[in-house]
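This briefing goes through one structure by topic. It should be read alongside the sequence and the coordinates.

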Amino acid sequence: MSAIAIRQVGPCFAGEVEGLDLGEPPTPELAAAIHAGMDRYAVLVFREQKIDDRQQLAFTRSLGEIEHAIGTSLRAPADYRLPTTFADVSNLDKDNTPFARDDRRRLFAIGNRLWHSDSSFKVVPAKYSILHAISIPSKGGDTQFADMRAAYDALDEETKELIQDMVCEHSQMFSRQQIGFIEFTDEERERFRPVRQRMVRTHPATGRKSLYLSSHAGGIVGWPMPEARGFLRDLIEHATQREFIYTHKWRLGDLVMWDNRQTMHRARPFPADEPRDMRRTTLAGDGPTAAQASAQAA
Ligand SMILES: [Fe+2]
């Protein structure tokens, strides 16, 4: 008997955890039950949690090691609204005012509306992301999740064989190119230089295989670029069919946790002048998924 009750809310994955208050850090038994739930459902929803940043951090730390958000956005350190234990995925500046419509930091963040896996552009990519809704817009702003295990299972055998040892190159510059954001400084080009990731990942606890796709993927090692881009586009189209998708409609206080190794997600558009204050803590992954072309810092 599990220590928590989970009701499936997506077509083939995603569970809503019932009757749990995250205000107190979980006991070791409860943390183990949450990890087991993540292994099975890949996305867990905890509705209407009245917790502050300190409690979100304590909850996150009870599940593993935190990945710090340093140098991953176009916010300058002096303009950070939140400490680096949080990834600020809001549309707000440090005075809590929505960015102007043409603000470069806002336009860069629109890349999050493409299907992606968090931190796939890092040598050691993220394990879980934990997102808490502090304020939500009057309409739009849903987050959608796609089950990359089901997407892998649905591939034909020839494709499974083709991608088994495939390695892709990921960078935030590749995802931004797709939305026409192409101007980067030399410093940003260096900071966002591509890293390598396996295309097929095997879950360490369940042994299930999944597609490790992300809009940050912009090349396949050993493939000509246009052919690689076309193949990646086809795979993302396959993996984001309706039967693999759960759409989360946010309520204030909702906390949603997803496994970046087994899912992709995207944010949906919302009115530019309305605050959407979402605070993400992130659990670090275990290690690189592929050998790197040259020595790179994580
Ligand atoms: Fe994300």
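Pro83 is partly exposed, with a relative accessible area of 47%, in a model that is predicted. The residue sits in the loop that runs between helix 2 (53-61) and strand 4 (87-88).

**Two loop positions**
- The C-alpha atoms of Pro83 and Arg40 are 31 Å apart in space, and the two residues are 43 apart in sequence.
- Ser215 is in the loop between strand 10 (209-211) and strand 11.

**Iron site**
- Three residues coordinate the iron ion at 2.1 to 2.2 Å: His116 through NE2, Asp118 through OD and His265 through NE2.
- Along the chain, the donors have the spacing H-x1-D-x146-H.
- His116 is in the loop between helix 3 (104-109) and strand 5 (126-135), while His265 is in strand 14 (residues 263-267), so the pair ties together parts that are 149 residues apart in sequence.
- Both His116 and His265 are buried.

**Sheet 12-6-14**
- Three strands make an open sheet in the order 12-6-14, and their pairing is antiparallel.
- Strand 12 (245-248) and strand 14 are at the edges with a single partner strand each, so one side of each has no neighbour in the sheet.
- From one strand to the next, the twist averages 20°.
- Four bridges join strand 6 (residues 143-147) to strand 12 in the antiparallel sense. Thr143 has His248 of strand 12 as its bridge partner.
- Strand 14, an edge strand here, is the strand that holds the iron ligand His265.

**Sheet 8-7-11**
- A further open sheet has three strands in the order 8-7-11, with antiparallel pairing.
- Its edge strands are strand 8 (195-198) and strand 11, each of which pairs on one side only.
- The twist in this sheet averages 40° from one strand to the next.
- Strand 7 (residues 167-170) pairs with strand 8 in the antiparallel sense over four bridges. The bridge partner of Val167 in strand 8 is Arg198.
- Helix 8 packs on this sheet and touches strand 7 and strand 11; the directions of helix 8 and strand 11 make an angle of about 125°.

**Nonpolar cores**
- The largest nonpolar core contains 25 residues, and Met148, Ile163, Met199, Leu211 and Leu213 have the most contacts inside it.
- Helix 4 (148-153), strand 11 (217-220) and helix 8 (225-239) are the elements that give two or more residues to this core. Helix 8 provides the largest share, six residues.
- Not counting residues up to four places away in sequence, Ile163 touches Tyr152, Leu155, Met199, Val200, Leu211 and Phe231.
- There is a second, separate core of 20 residues, with Val17, Leu22, Leu30 and Phe46 among them.

**Cysteines**
- The count of disulfides is zero.
- Cys12 is partly exposed, with a relative accessible area of 32%, whereas Cys168 is buried at 1%.

Technical notes:
Residues are numbered from 1 along each chain as its sequence is written. This is a predicted model: local features need pLDDT of at least 70, side-chain atom pairs count only at pLDDT 80 or more; totals for chains, interfaces and linings use all residues. Side-chain values use heavy atoms; hydrogens and water are left out. A nonpolar core is a set of buried Ala, Val, Leu, Ile, Met, Phe, Trp, Tyr and Cys residues joined through side-chain atoms within 4.5 Å. Buried means under 20% relative accessible area, exposed over 50%, partly exposed in between (1.4 Å probe, protein chains only). Contact means heavy atoms within 4.5 Å. A disulfide is a pair of cysteine sulfur atoms within 2.5 Å. Donors are N, O and S atoms within 2.8 Å of the metal (3.2 Å for Na, K and Ca); water is not among the atoms, so sites may look incomplete. Two strands pair if DSSP finds at least two bridges between them. Axes are lines fitted to C-alpha atoms, for helices over the stretch in contact, and angles run from 0 to 180 degrees between N-to-C directions.
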